[in-house]
Amino acid sequence: MRRDFLKLCGLAGLGVAAPITFPRLARAAEKDLAAYEGPYYVVFNASGGWDTTYLMDPKGINEINRFYKDGDILTQGAHKYAPTAKQMKEGSGMSNEDFYKEFGSELLVLNGLDYSVNNHSPGARYMATGHLDSLAYPTFAALIAASRGPHCPLAYLTFGNYSNTGNLVAMSRIPYLPSLQRVANADGIEGNAKKPYHDDFVMDRIERTLKEHTDARISKELLPRVERAESMLYAAQLNSKALERVTPYIPASIPKERLSQQAEIALASFKAGVCVSANLTIGQFDSHANNDPDQMKLIPEFLAGIAYLMRRAEDLKIREKIVVIIQSEMGRTPTYNKGNGKDHWSIGSIMFMGPGIKGNRVVGATDEKQFAAPLNPATLALEKEKEKGIRVRPEHIHIALREYAGIATHAMSKQYPLVVPEKDRLKGLWG
């Protein structure tokens, strides 16, 4: 009989979602073999805390940074950004100038986001879930995967950072493209589709036998534990068939860059219709020493990874279905420490791109000391009087994301509620 798909994943050191389908639900599971057709959600995480003044929230005053002055700040449409092209080493990534030129027209930026904390773990959790005080809440990527494609074999891909699922959907970890090749071709020796363990006529017989066995069980009353056990092989069979669709979209050459490799795994899974969301990340942004050279190394790499995903999505003809969230769990202080670094700062920014998101827009701001400016939630305009505005926090963003994705009233969203008074909710954030 076919090599056990789940056993193979275990031997390969992979965490792969294999939805469990009880026999009484077998026919519904068979329908889930149909490809998920989008939209696809990608969360980019700059893990460790990015310096927003070297990207989308430039400050050329009060010695907040040392690479440029107020008169050096550049604009692209509605966007203002720090100049970085002259600070980069050749071939080290993508400058702000090139990034905004290519994506500014579709980019929504929100500045002055109040993280409320300045520690990594709670900050990452808060940004990922919209809820600070609970370890149980799922990330948005997990929530949308569970709501829109729970039976997809790789519904929720994650490459690190905070990844909790709330027990709504299994997380999948596939760190390398060769690993994806093996998972996609579980019936081939070492993932080689041209070297199957069984001939086609044997596989057809196995599949017919499994189908007949499962159909025979549908009409029988079984204890839940027995029913679950009976379904495991059948679920693995269905998932393995679906995962075979990934193979044509795995690139022949592996990119060297960290985010580019993650992007290829996510995009191949999206294109094959076996994945809903992906949590992509690179770390080392925690620049307590030598802030400027560290940030100028990492921000270009980060932007290049975003650009790589968008360009490859265009090649695969799914770019118009890609929703991108670009974030970090904290910012950097407006002052330097004795080691020329910047410490944790609880004010930052977030960026978005995707279908239905109006670009060339900047919402919110920080003042000359890098404190968040109050915002009118109804108009998204800045409030001169602090008592009349709100401080935008991650729960405001996540409520808006749930509404954008059409899952605000989904049972799973209600299971993990986010509490913001109606009058304080962001109106028209997506334009």
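Tyr41 stands opposite Ser277 of strand S7 in this predicted model. The two residues belong to a parallel pairing in which S1 and S7 are joined over six bridges. S1 covers residues 40-46 and S7 covers residues 277-282. S1 also pairs with S8, again in the parallel sense and over six bridges. In that pairing, Asn45 has Gln327 of S8 as its bridge partner.

These strands belong to an open sheet of eight strands with mixed pairing, in the order S6-S5-S7-S1-S8-S11-S4-S12. S6 (171-172) and S12 (361-363) are the edge strands; each has a single partner strand, so one side of each is left without a neighbour in the sheet.

At the S6 end, S5 (residues 156-158) pairs with S6 in the parallel sense over two bridges. Tyr156 has Met171 of S6 as its bridge partner. Helix H9 (residues 258-271) packs on the sheet and touches S1, S5, S7 and S8 (322-327). The direction of H9 makes about 175° with that of S7. S5 is also joined to S7, by three bridges, and the two run parallel. Here Thr158 stands opposite Asn279 of S7.

How many of the residues of S7 are buried? The count is six of six, and S7 is described as mostly covered. Ser277, Asn279 and Thr281 point one way from the strand, while Ala278, Leu280 and Ile282 point the other way; all are buried.

The aromatic rings come next. A pair of aromatic rings is described by the distance of the centres and the angle of the planes. The count for the model comes to 15 aromatic pairs. One of them is formed by Tyr36 and Tyr40, with 5.7 Å centre to centre and 75° between the planes, and is edge-to-face. Buried means under 20% relative accessible area. Tyr36 has 12% relative accessibility and therefore counts as buried. Tyr40, at 3%, also counts as buried.

Tyr404 and Trp430 form another pair: their ring centres are 5.2 Å apart and their planes are at 45°, so the pair is tilted. This pair links distant parts of the chain, since Tyr404 is in helix H11 (residues 394-405) and Trp430 is in the segment after helix H12 (411-415), 26 residues apart. Both Tyr404 and Trp430 are buried.

Which residues form one aromatic cluster? They are Phe44, Trp50, Phe285 and Phe302.

Finally, there are charged side chains placed over a ring. Arg66 lies over the face of Tyr336, at 3.7 Å from the ring centre. Lys342 also lies over the face of Tyr336, at 5.0 Å from the ring centre.

Methods. Residues are numbered from 1 along each chain as its sequence is written. This is a predicted model: local features need pLDDT of at least 70, side-chain atom pairs count only at pLDDT 80 or more; totals for chains, interfaces and linings use all residues. Side-chain values use heavy atoms; hydrogens and water are left out. Two strands pair if DSSP finds at least two bridges between them. Helices (H or I, at least four residues) and strands (E, at least two) are DSSP runs, numbered from the N terminus. Contact means heavy atoms within 4.5 Å. Axes are lines fitted to C-alpha atoms, for helices over the stretch in contact, and angles run from 0 to 180 degrees between N-to-C directions. Buried means under 20% relative accessible area, exposed over 50%, partly exposed in between (1.4 Å probe, protein chains only). Rings of Phe, Tyr and Trp (its six-membered ring) pair if their centres lie within 6.5 Å; planes under 30 degrees apart count as stacked, over 60 as edge-to-face and the rest as tilted. A charge sits over a ring if NZ of Lys or CZ of Arg is within 6 Å of the ring centre and within 35 degrees of the ring normal.
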